[in-house]
Amino acid sequence: MSLEGKKLGFIGTGKMGSALIKGICSAGLFSSSDVYASDLYEPSLDELKQDVGVNVSTDNTTTVNNSDIIVLAVKPQILKKVIAGIKEDIGSDKLVISIAAGVKLADIESEFNEGTRVIRVMPNIAATVAEAASAITQGSNASKDDAEDALEIFGAVGSAIQVPENLMDAVTGLSGSGPAYIFPVIEAMADGAVYEGLDRKSALVLAAQTVLGAAKMALETEAHPGELKDMVTSPAGTTIRGIKVLEEYGIRSAFMQAVIESSNRSKELGK
Ligand SMILES: NC(=O)C1=CN([C@@H]2O[C@H](COP(=O)(O)OP(=O)(O)OC[C@H]3O[C@@H](n4cnc5c(N)ncnc54)[C@H](OP(=O)(O)O)[C@@H]3O)[C@@H](O)[C@H]2O)C=CC1
Ligand SMILES: O=C(O)[C@@H]1CCC=N1
């Protein structure tokens, strides 16, 4: 099995649905004429129609009836209601992918008719620039081919791995929410440079490129981050002064706690 000849649908074209549609279409994995999207909010549909050229509708069953794979990209709190409106149109020929934070496979499956193939995915917003970090987990009726299709779709917009479902809350706290921890870091680093006299535009470019470069080194060298940090940190140099301040403000504890607390919220959403 492969994605060849398949049509992809999105229910919910808000921030994450739109990021995925844009990323997947620019990656060329699906042509825009093979992508269907529906939402209640017409301006986001109009924007996708105009910018990406996908098929849009305010009726979710139009998306379902035209698609082989349907991504549910609505808020966890309304997932049940959305499923109730489409379940009779979803047979065993279709694969459902939920990206809702926290909501467990068993709870999603129990809202559909028996035997529905479901995969749960936690992507992130960087799908829009093909740099998402995603994890997928396979439902009880989904096949290995379904998992491979999901890995191919989310792999086209970044990195995608498969994890057991009990780790999806940790993934949500780490990479699902993670971009929002890093954007303030970029802004604050740039603020420091603006304080020192650099213009805002240059400061933001240098700050963002610094984060990108550090991430790329961590991924490509696979060296321990501590070892990479030591490569920058000259004895009695500039970097160790900055590191000391970050440690005084508890940077490691702050980031660890952010991931743990976000994972806890994901667990709450699943109750
Ligand atoms: N944002 C992110 O970075 C990430 C989000 N997620 C998950 O993705 C999902 C979507 O999040 P996000 O994109 O941020 O949320 P948004 O609120 O931006 O998008 C959800 C969209 O669904 C629409 N909607 C509401 N009711 C319906 C309905 N009955 N049928 C079709 N569409 C409907 C909303 O319209 P309206 O606004 O009019 O209600 C909105 O446009 C969530 O489950 C979230 O947990 C996962 C990973 C990362
Ligand atoms: O904040 C949220 O709940 C969603 C899920 C992961 C990222 N955004």
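Helix α7 (residues 168–176) and helix α12 (residues 251–269) cross at roughly 130°, and their axes come within 7 Å. Keep in mind that this is a predicted model.

**Where α7 meets α12**
- Angles over 145 degrees would count as roughly antiparallel and 65 to 115 as roughly perpendicular, so the pair at roughly 130° is oblique.
- As for handedness, α7 and α12 make a right-handed crossing.
- On the α7 side, the contact is made by D169, A170, T172, G173 and L174.
- Facing them from α12 are V259, I260, S262, S263, S266 and K267.
- By type, the contact residues of this pair split into five polar, four nonpolar and two charged.

**Around ligand 1**
- The shell around ligand 1 holds 27 residues.
- G12, G14, M16, A100 and A101 are the closest of them.
- Helix α1 (residues 15–27) gives the largest share of that shell, with three residues.

**Helix α8 and what comes after**
- Helix α8 covers residues 179–195, which makes 17 residues.
- After α8 comes G197, and its phi is positive, near 115°.

Conventions: Residues numbered from 1 in each chain as written. Chains lettered and ligands numbered in written order. Predicted model: local features only at pLDDT ≥ 70, side-chain atom pairs only at ≥ 80, totals over all residues. Axes fitted to C-alpha atoms, helices over the stretch in contact; angles between N-to-C directions. Helix = DSSP H or I, 4+ residues; strand = E, 2+ residues; numbered from the N terminus. Parallel < 35°, antiparallel > 145°, perpendicular 65-115°, else oblique. Left-handed = near helix turned anticlockwise from the far one by under 90°. Contact = placed C-beta atoms within 7 Å. Nonpolar A, V, L, I, M, F, W, Y, C, P; charged D, E, K, R; others polar. Near = placed C-beta within 6 Å. Expected span 1.5 Å × (residues − 1).
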